[in-house]
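Please keep the sequence and the model in view while reading.

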Amino acid sequence: PYLSSLLPFSREPPTMNPVVEPLSWMLGTWLSDPPGAGTFPTLQPFQYLEEVCISHVGQPVLNFSFNAFHPDTRKPMHRECGFIRLKPDTNKVAFVSAQNTGIVEVEEGEVNGQELCITSHSIARISFAKEPHVEQITRKFRLNSEGKLEQTVSMATTTQPMTQHLHITYKRV
Ligand code: HEM
């Protein structure tokens with residue numbers, strides 16, 4: 001009944017498409033360790049937990065989901081999912097994400113070794129999205145020397161220039 005049961009890896013793991021090999025260091029299930037740190041000039045500093053799943057099905061594209069939770073109540077918070085594409089035979093990366101806040105964004109950038117830096121090229125939002133609106137987003141992902149994944153997100157809004165909003169380190173689980 002489930003189409004995913006038709007995928008060959010329901011029997012054996014998919015062979016990684018060589019196009020996505022430069023991003024293979026991102027693959028896996030990751031959990032914040034320690035909790036993430038949220039900041040912004042207009043916000044009280046906050047902490048959050050986050051589960052990340054980055055996978056592939058043998059296509060030249062990665063699938064991702066980032067699901068954040070309140071550190072005390074475990075209530076779901078920010079959620080996003082999408083795809084990461086590589087331009088074949090280059091280090092050019094495109095990141096496409098749909099978020100529970102009602103925005104959809106495309107970021108582009110480059111992977112260099114175990115570091116991925118991307119910047120928004122377009123952001124669309126639902127007509128009744130909460131204000132202030134985000135106008136620009138940049139992210140950096142890297143695998144640190146301890147084998148942990150790190151994500152740093154900065155953003156500009158209609159009221160604030162580009163400033164860091166998130167920093168988080170994840171351990172592989
Ligand atoms: C607030 C954008 C990811 C937690 C905000 C605001 C914006 C924003 C525009 C309003 C800032 C202001 O009032 O001046 C984004 C974008 C994200 C993102 C574009 C991803 C690319 C996250 C994540 C968390 C988070 C992963 C983790 C829980 C919060 C909290 C606030 C906030 C707690 C303040 C309360 C609220 O407005 O809900 N974010 N955010 N954000 N963000 Fe994020």
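## Terms and basis

A residue is called buried when its relative accessible area is under 20%, exposed when that area is over 50%, and partly exposed in between, with a 1.4 Å probe and protein chains only. The model is predicted, so local features need pLDDT of at least 70 and side-chain atom pairs count only at pLDDT 80 or more, while totals for chains, interfaces and linings use all residues. Residues are numbered from 1 along each chain as its sequence is written, and side-chain values use heavy atoms, with hydrogens and water left out.

## Val52 in strand β3

Val52 belongs to strand β3, where strands (E, at least two residues) are DSSP runs numbered from the N terminus. With a relative accessible area of 1%, Val52 is buried. Its contacts, meaning heavy atoms within 4.5 Å, include Gly28, Thr29, Trp30, Ser65, Phe66 and Tyr170, leaving aside neighbours within four places in sequence. Between the C-alpha atoms of Val52 and Cys81, which are 29 residues apart along the chain, the separation is 9.6 Å.

## The ligand and its shell

Around the ligand there are 18 residues, of which Thr42, Phe46, Lys130, Arg139 and His165 come nearest; a residue is near a molecule if one of its heavy atoms lies within 4 Å of it. The shell is made up of ten nonpolar, five polar and three charged residues, where Ala, Val, Leu, Ile, Met, Phe, Trp, Tyr, Cys and Pro count as nonpolar, Asp, Glu, Lys and Arg as charged, and the others, Gly among them, as polar. Strands β3, β5, β9, β10 and β11 each supply at least two residues of this shell, and the largest share, three residues, comes from β3.

A polar side-chain atom of Thr42 lies 2.5 Å from an oxygen atom of the ligand, and an N or O atom in the side chain of Lys130 is 3.1 Å from a ligand oxygen atom. For His165, a polar side-chain atom lies 3.1 Å from a nitrogen atom of the ligand.

## Glu105 in strand β7

Glu105 is placed in strand β7, residues 103-112, and is buried, with a relative accessible area of 1%. Its side chain makes a polar contact of 2.6 Å with that of Arg139 and another of 3.0 Å with that of Gln99. A polar contact is a pair of N or O atoms within 3.5 Å; within protein, one must be able to donate a hydrogen and the other to accept it, and residues adjacent in sequence count only if both atoms are side-chain atoms.

Notes
Helix = DSSP H or I, 4+ residues; strand = E, 2+ residues; numbered from the N terminus.
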